[in-house]
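Here are my notes after going through the model. Have it open while you read, and check each point as you go.

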Amino acid sequence: MRVLRRGLGLALFVLLMAAFPWGPLFPLSPWKPGYEVMHLGRADVYVPSGIRAPAAYREIDSYMQRAEESLQLHAPKRLTVVLTPDWNHFRRLMPHMRSTGIGAVTLATGTVIYVTPKIEERKFDHGEYLRHEICHAVIHQTQGIVAAYRLTHVEWLSEGLAVWIGDQKSYFTKEEMVARARQGELLPVIDPSMRDARTFQIRYAYQVWRYFCEFIMEHYGREMFQRYLRDVMADPPAWKGKFEAVFGESLENAVKRYQEKLRT
């Protein structure tokens with residue numbers, strides 16, 4: 001029995017050690033085999049050896065500053081940004097994520113961003129995705145981990161702001177979004193409790209969410225929007241009640257105003 005326990009203990013130790021350079025604990029590992037590092041003012045960027053990093057990765061410091069200014073928040077911690085070489089490697093780092101539809105992901109700590117092979121496969125703009133994830137990072141660094149995780153379920157706000165900061169064009173264009181919005185109701189796209197999974201399309205939703213965030217900033221004022229953002233960051237599950245408390249009208253009425261604006 002003692003030999004068995006020792007064997008199990010050794011196996012667990014080996015697995016734990018492997019989780020640092022080759023698994024989920026990669027960001028904490030002092031040794032990152034197969035990568036070269038680029039040290040910036042506010043980030044450490046890890047790029048597979050032999051691969052030239054796209055120019056956007058050298059702009060991460062400026063992306064951070066722009067995100068902080070736009071969000072009116074400050075991210076005090078350094079970023080670790082990892083450009084993964086292939087899907088097998090990405091899945092070792094993020095074993096719970098099996099989809100190949102992910103472009104990049106930010107950990108709830110707000111300190112680690114993984115970029116997947118999808119961006120190169122689809123010839124997307126690395127800068128768009130970096131700015132998108134840096135928005136998440138800036139927000140998460142001013143939250144606790146539990147609140148950061150819960151905020152991901154308030155998609156219209158968390159993803160809407162990220163698409164806004166990213167100025168992303170990899171999804172529907174604004175013109176395509178407006179044309180579709182004129183043909184259907186937007187409340188089910190924004191309120192997940194009313195969502196129909198059979199017709200929901202994330203690429204369309206991203207742009208609906210982005211321009212809804214912009215509409216709220218314009219209609220109610222940036223200062224009031226900031227109050228709402230901070231309230232929801234602190235208590236994400238209460239997002240709907242806080243909407244009415246801060247803006248003085250229901251989400252349903254605000255979405256109706258938004259839809260009327262798109263239809264005129």
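The points below start with the sheet, move along its strands and then turn to the helices.

1. Keep in mind that this is a predicted model.

2. Next, the parallel part. Strand β2 (residues 43-48) runs parallel to β3, and four bridges join the two. If you want a residue pair to look at here, take Val 45, which stands opposite Val 81 in β3. On to the pairing of β3 (residues 79-83) with β5 (residues 112-115): this is parallel too, over four bridges. Val 82 has Tyr 114 of β5 as its bridge partner.

3. The antiparallel part is the pairing of β4 with β5, which are joined by three bridges. Here Ala 104 has Val 115 in β5 as its bridge partner. These two strands form a hairpin with five residues between them, and in it Gly 110 takes a positive phi near 75°.

4. How enclosed is β3 by the rest of the structure? Five of its five residues are buried, so the strand is largely enclosed. Going by side, Leu 79, Val 81 and Leu 83 point one way from β3, while Thr 80 and Val 82 point the other way, and all are buried. Note that Thr 80 is in that buried set along with the valines and leucines.

5. Tyr 114 and Val 115 have already come up as bridge partners, of Val 82 and Ala 104 respectively.

6. Now the helix on the sheet.

7. Then the helix pair. Helix α2 (residues 60-71) packs with helix α7 (residues 155-166) at an angle of about 125°, and their axes are 11 Å apart. That makes α2 oblique to α7. The crossing is right-handed. On the α2 side the contact involves Ala 67, Ser 70 and Leu 71, which meet Leu 161, Trp 164 and Ile 165 in α7. Sorted by class, that gives five nonpolar residues, one polar and no charged ones.

8. Is Ser 158 buried or exposed? With a relative accessible area of 5%, Ser 158 falls under the 20% cut-off and is therefore buried. Leaving aside residues up to four places away in sequence, Ser 158 touches His 136, Leu 151 and Thr 152.

Note on methods
Residues are numbered from 1 along each chain as its sequence is written. This is a predicted model: local features need pLDDT of at least 70, side-chain atom pairs count only at pLDDT 80 or more; totals for chains, interfaces and linings use all residues. Side-chain values use heavy atoms; hydrogens and water are left out. Axes are lines fitted to C-alpha atoms, for helices over the stretch in contact, and angles run from 0 to 180 degrees between N-to-C directions. Angles under 35 degrees count as roughly parallel, over 145 as roughly antiparallel, 65 to 115 as roughly perpendicular and the rest as oblique. A crossing is left-handed if the near helix is turned anticlockwise from the far one by less than a right angle, and right-handed if clockwise. Contact means heavy atoms within 4.5 Å. Ala, Val, Leu, Ile, Met, Phe, Trp, Tyr, Cys and Pro count as nonpolar, Asp, Glu, Lys and Arg as charged, and the others, Gly among them, as polar. Two strands pair if DSSP finds at least two bridges between them. Buried means under 20% relative accessible area, exposed over 50%, partly exposed in between (1.4 Å probe, protein chains only).
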